[in-house]
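I open this notebook to record what I looked up in the model, beginning with the nonpolar cores and going on to helix packing and backbone angles.

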Amino acid sequence: MKAFTFQTPSNIFFGAGASSKIGELLKGYKAAHVLLVTDEKVRAAGLTRNAEAAIAEAGIALTVFDGVVVDAPSHVIEAAAEICRECGVDAVAAIGGGSVLDTAKLVAYLAKTPDKLDVIYGVGRATGDRLPLLLVPTTAGTGSEVTLTSIVKTPNNEKKAVISPRLLPDWAILDPQLTLGLPPHLTAQTGIDAMAHAIEAYTGKIKKNPISDQFALKALALLSANLRKVYTDGSDLEARSDMLFGSMLAGMAFANSPVAAVHALAYPIGETFDVGHGHSVALVLPYVLEFNRPAAEALYAELSNVIQPGYRQQSDAVDAAAFIAEIEAICRDCGVPGSLSAVGIGEGDLSKLAEGAMKHEERLLVNNPRELDYDQVREIYAKALAGVSRP
């Protein structure tokens, strides 16, 4: 067995109603003033209500920052960090989707250190201290509550990553009740994103490891068994719980065996066409899997009966094809369109998209089981535009 490292949060609290315990957990850090990071829609939906009440009951002063928007723009992160400094905040909590959690991770770091955001992009550059940090996801998708990464949209509309163990929270708090009201389209998109995390972690070329493998397998089993259920019946608390747990496991897996071409190709779609991250991932997932099949056939074959319990495995070639077909079927059953044209992408956009994807060569494409160059990336986009994933 080759050497590997595995990093994950030290504390996880999972259960219906878990978010109402946040006040008790903050007491453990002797917090006197907490910044709650969220967005307007999450707060308006009442998803922060129990946590806010719990913080007040604990006698802790509360400042709410609900200015987070999709894709965590750098200026929003910097504004929230400045509020922390001005108000003397000594702990940060967050309730929301991936952009909210990514924002909070960096706010907790920037509020405590003199570092500037634009100097910590990359791997291991954030090495200072941070404020106590508690993260509560409201989607079963990003896994950000258990990862070392925050994705930031820069002023020139690029997405950059800050990757550091300092971004792991003190507590990941998972309350499936907070996911019950997630609309079907967001349920599908975030769920497919989580499935992609598990798949890419399991097939990663560089940091694939036995712990990530086990988490990825369990994650993929839970997510594939429950995504159609929650897409059609969002009130199913047991299925929502399984989705949230699966998303967390997938986050742990890819935090240590990073994602690859699916995400590299998804980012330019979001940047250029204002498409949500999970939607972008879902649009390209089957096409990237098909491209990767020659290099990842045996691993995809291993996953065939993970997502189809009872499937009788035959050969690597047959089983890998069955795996990709089932992933595509899940996408279609959950309302994901089969062509990039559905989000306004045309033939004339493919070169720009391919150029954007190649910007992620060092961080993401290097992990892919099959090497890609610009022409191959453009060809994957062309197939996704045509809606043809298999020969």
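Predicted model: local features only at pLDDT ≥ 70, side-chain atom pairs only at ≥ 80, totals over all residues.

Residues are numbered from 1 along each chain as its sequence is written, and side-chain values use heavy atoms, with hydrogens and water left out.

**Cores.** I looked up the largest nonpolar core, which has 82 residues, and found that L220, L265, V284, F323, L340 and Y381 touch the most other members. Helix 10 supplies the largest share of this core, 14 residues; helices (H or I, at least four residues) and strands (E, at least two) are DSSP runs numbered from the N terminus. Leaving aside residues up to four places away in sequence, L340 touches I269, L283, V284, I345, Y381, A384 and L385, contact meaning heavy atoms within 4.5 Å.

**Helix 9 against helix 10.** I noted that the axes of these helices come within 8 Å and cross at roughly 135°, the axes being lines fitted to C-alpha atoms over the stretch in contact, with angles from 0 to 180 degrees between N-to-C directions. Helix 9 and helix 10 are therefore oblique to each other (under 35 degrees counts as roughly parallel, over 145 as roughly antiparallel, 65 to 115 as roughly perpendicular, and the rest as oblique). Among the residues making the contact are L265 and I269 of helix 9 and V284 of helix 10.

**Helix 10 against helix 11.** The axes of helix 10 (residues 277-307) and helix 11 (residues 316-333) come within 6 Å and cross at roughly 130°, and this pair is therefore oblique as well.

**Helix 12.** In helix 12 (residues 350-358), I listed L350, L353, A354, G356, A357 and M358 as buried, and their cover includes helix 9 (261-273) and helix 13 (374-386).

**Positive phi.** Most residues other than glycine have a negative phi, so I checked the exceptions. D71, in the loop between strand 3 (61-65) and helix 4 (74-87), has a phi near 75° and is buried, with a relative accessible area of 12%. D274, in the loop between helix 9 and helix 10, has a positive phi of about 55°, but D274 is exposed, with a relative accessible area of 70%.

Terms used
Core = buried A, V, L, I, M, F, W, Y, C linked by side-chain atoms within 4.5 Å. Buried < 20%, exposed > 50% of the residue type's maximum accessible area, 1.4 Å probe, protein only.
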